[in-house]
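Have the structure open as you read, and follow along residue by residue.

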Amino acid sequence: RRDERQKLMLKNNNDESASKDKKGPPKYLVIVNPFSGKKTALSIYESITKPMLDECGIEHDLFLTDYAGHAYERMQFIPSKEGDILEYDGIVSMGGDGNLHEILQGIKAREDAEDVLKNVPFGVIGCGSCNGFAKTLLFPSKEHYNPLESTFYIAKGQTKPIDLSEHTVTSSNDITTLKSSPTKSYYGFLAFCWAFIADCDFESEVLRCLGIGGLRVDLWAVWRVINLRKYRARFSYLPPPSKSDETDNQSEEKKEGNIDGVLPLPTEDIPTNWKTIEDDFILVWCHQATHAGSNAHSSPMSKLQDGVFQVMLIRSSCSRYELTKLLLSIEHGTHIHYDACEMYECIAYRLEPLVEGSFNDLDGEKLEDGPIQARVLPSAAHCFC
């Protein structure tokens, strides 16, 4: 099967990559994960994406991933026949949200990461289990969520700036040793979750063999409500500046969305202008996108370019009955009206788990355990939408 996939790649790829300075049709790099979700990505590419791109006169190279980390490797600088990604007019991710996550981490590892994000827009065609970002891109225009509509927007070639985020994990389970602990950072685009949702996301992997897609998460959520866990943590956040603060105190760096001047290092103490909540939590969920999954309208207030995280907290005082009603209403975004659902806006935050056994879940991917700090990167990338 691997040989067949490689032959298909060679058949679709043009060995002589078109330079971006050369006049002619646009050229995209289409990255397909054939193992995502119900393993339909390749058939969707052959039946929908390829014919539509060909019909629109858009050249493209196909790259099929064979293993975890393959898309990450393809993002690295390659001065060869295969073509560096800066030579393309766009990157199209066909898989789940994890496929795009891997692409962005590969870009982040480059020395010219900011140039790549500025000059190479990306598009998403949801072929995974949850497909939250594909749904988010289509939601503002009220288009039906399906691969055909996603491909249509990519073929149109119109792009918009979107926010990303940077998450830095301090690899330590001992809060007293943070000042000497190593850190690792990641790009984010969808949502960070901790406690309930993260438990469902990762522990439900045991059901993946059933081939039921995102339903595995819903089934595990029922089990997790029955066997409810509560985690002690300290959540600190920096609210967005008020209008008067922006007018009176904004420096040139802040005008560009750079908050480095007010953001502490992950190993430093929290500044006095941050707010802190320490409690037992059922859920911490920090959003940049409206949908964490195709059927989860988890952050109705989020916008692709609003410069903030929309943070949802559920504390241990929430009963199982109220939690069940709240979770069932996420599909339509009405969960935010429940008293147990606390919503906060911020431009940066830090989560410090005070107990062991929790997961850090960024865009559906498991990160290292330990305290995590994040900041918004306003208009850091461009997307077909």
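**A residue on the inside**

Ile-314 is buried, with a relative accessible area of 0%. Please keep in mind that this is a predicted model.

**Around Ile-314**
- Strand β10, which covers residues 309-315, is where you will find Ile-314.
- Leaving out residues up to four places away in sequence, Ile-314 touches Phe-281, Ile-282, Leu-283, Leu-323, Leu-326 and Ala-340.
- Met-343 lies 29 residues from Ile-314 in sequence, and the two C-alpha atoms are 9.2 Å apart in space.

- In soluble globular proteins, nonpolar side chains tend to be buried together.
- The largest nonpolar core here has 59 residues, and Leu-104, Ile-107, Phe-122, Phe-133, Phe-196 and Trp-285 have the most contacts inside it.
- Helix α8 (residues 196-203) supplies the largest share of this core, with five residues.
- Ile-107 is in contact with Met-75, Ile-85, Ala-113, Val-116 and Leu-117, once its neighbours within four places in sequence are set aside.
- A second, separate core has 25 residues, including Tyr-186, Ile-277, Phe-309 and Leu-313.

**Cysteines**
- How many disulfides does a search of the whole structure find? The search finds zero.
- Cys-318 is in no disulfide, and the nearest cysteine sulfur, that of Cys-341, is 9.3 Å away; a disulfide would need the two sulfur atoms within 2.5 Å.
- Cys-318 is buried, with a relative accessible area of 5%.
- Cys-341 is buried too, at a relative accessible area of 6%.

Note on methods. Residues are numbered from 1 along each chain as its sequence is written. This is a predicted model: local features need pLDDT of at least 70, side-chain atom pairs count only at pLDDT 80 or more; totals for chains, interfaces and linings use all residues. Side-chain values use heavy atoms; hydrogens and water are left out. Buried means under 20% relative accessible area, exposed over 50%, partly exposed in between (1.4 Å probe, protein chains only). Helices (H or I, at least four residues) and strands (E, at least two) are DSSP runs, numbered from the N terminus. Contact means heavy atoms within 4.5 Å. A nonpolar core is a set of buried Ala, Val, Leu, Ile, Met, Phe, Trp, Tyr and Cys residues joined through side-chain atoms within 4.5 Å.
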